[in-house]
Amino acid sequence: MDMKELLYEGKAKELYETDDPDTLWVKYKNQATAGNGAKKETIEGKGKLNNQITSLLFEKLKEKGIPSHFIKQLSETEQLIQKVEMFPLEVVVRNVAAGSFSRRLGVEEGKELSFPVLEFYLKKDELNDPIINEDHVKELALAAEGEVVKIKNQALEINQVLLKLFKEMNIRLVDFKLEFGKTSDGSIVLADEISPDTCRLWDLDTNDRLDKDVFRKDLGDIIPLYQEVLTRLNQL
């Protein structure tokens, strides 16, 4: 299979056409961003770590019967994915209070939540991806009511699998962001990526951060942290 024209370039990835109209070629970039792109930096090695972590996690989810657009990893920085129609939604699942949840609601960071809290955000850079509810999703025709139910159920199922998986890696899955897409036959599948860019991951013993918060807050170099996540994942 050959890579053809560039279709889309985002903050972290480039998507290319292939000679199969239902398959896209993904290249992970070394760009790190925070604050909806307000902070931006090229960090050598970031792309290959996120690609490898995402590929392994999607394989683990596939073993548990969770469908995604992931087909296979091609190289350290590239993978093949199924072409899907993306829902303009970010789905955030929270197991522990942190980040904007703590700031908005005055809940102490690190407090274990009594159940996984699911939030929707509108994917729109110019609006800074605002938090929305299911009525907003319906009014803006972002997804049909039945699709919202399927997305929520899949997100919570993914959470249960990842909670167990990360615990085996001695990592606390604080919260994470998911995106979903619709295949040509109407099936809803997990899409985008799952990596330290899209998750809050804390070491279970020390509470040390192993994710992009270290970049957001200028706390140090993220590469050794992402490498640690990949190393632990490979050891499973």
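The structure is a predicted model. Its secondary structure consists of six helices and 14 strands. The radius of gyration is 17 Å, close to the 18 Å that the globule rule gives for 236 residues, so the chain is as compact as a globular protein of that length.

**Overall form**

- The C-alpha trace of the chain spans about 50 × 40 × 35 Å along its principal axes.
- Of the 236 residues in the chain, 50% are buried.
- The accessible surface comes to about 11900 Å², and carbon and sulfur atoms account for 48% of this surface.
- Among contacts in the chain with a separation of 6 or more, 56% are between residues 24 or more positions apart.

- An open sheet is formed by five strands in the order 1-2-3-7-6, with antiparallel pairing.
- Strand 1 (3-9) and strand 6 (70-73) stand at the edges; each has a single partner strand, so one side of each is left without a neighbour in the sheet.
- From one strand to the next, the twist averages 30°.
- Strand 6 is joined to strand 7 (residues 78-82) by three bridges, and the two strands run antiparallel.
- Within this pair, Q73 stands opposite Q79 in strand 7.

**Helix 1**

- Helix 1 (residues 46-63) packs on the sheet and touches strand 3 (23-28), strand 6 and strand 7.
- The direction of helix 1 makes about 125° with that of strand 6.
- At 1.5 Å a residue, the 18 residues of helix 1 should span 26 Å, and this agrees with its end C-alpha atoms, which are 26 Å apart.
- The buried residues of helix 1 include L49, I53, L57, F58 and L61.
- An α-helix has 3.6 residues a turn, so residues three or four places apart point the same way.
- After helix 1 comes G65, which has a positive phi, near 85°.

- E90 has Y121 in strand 10 as its bridge partner.
- Strand 10 is also joined to strand 11 (residues 131-132), by two bridges, in an antiparallel arrangement.
- Here Y121 stands opposite I131 in strand 11.

- Strand 12 (residues 171-182) is joined to strand 14 by five bridges, and the two run antiparallel.
- The bridge partner of D175 is R200 in strand 14.

**Residue E9**

- E9 is found in strand 1.
- E9 has a relative accessible area of 44% and is partly exposed, because this class lies between the cut-offs of under 20% for buried and over 50% for exposed.
- Leaving aside residues up to four places away in sequence, E9 touches E14 and K29.
- E9 and R200 are 191 residues apart in sequence, and their C-alpha atoms are 24 Å apart in space.

Methods:
Residues numbered from 1 in each chain as written. Predicted model: local features only at pLDDT ≥ 70, side-chain atom pairs only at ≥ 80, totals over all residues. Heavy atoms only, no water. Pairing = 2+ DSSP bridges. Helix = DSSP H or I, 4+ residues; strand = E, 2+ residues; numbered from the N terminus. Axes fitted to C-alpha atoms, helices over the stretch in contact; angles between N-to-C directions. Contact = heavy atoms within 4.5 Å. Rg over C-alpha atoms; globule rule 2.2 N^0.38 Å. Buried < 20%, exposed > 50% of the residue type's maximum accessible area, 1.4 Å probe, protein only. Areas by Shrake-Rupley, 256 points an atom, 1.4 Å probe, with all protein chains shown as cover. Expected span 1.5 Å × (residues − 1).
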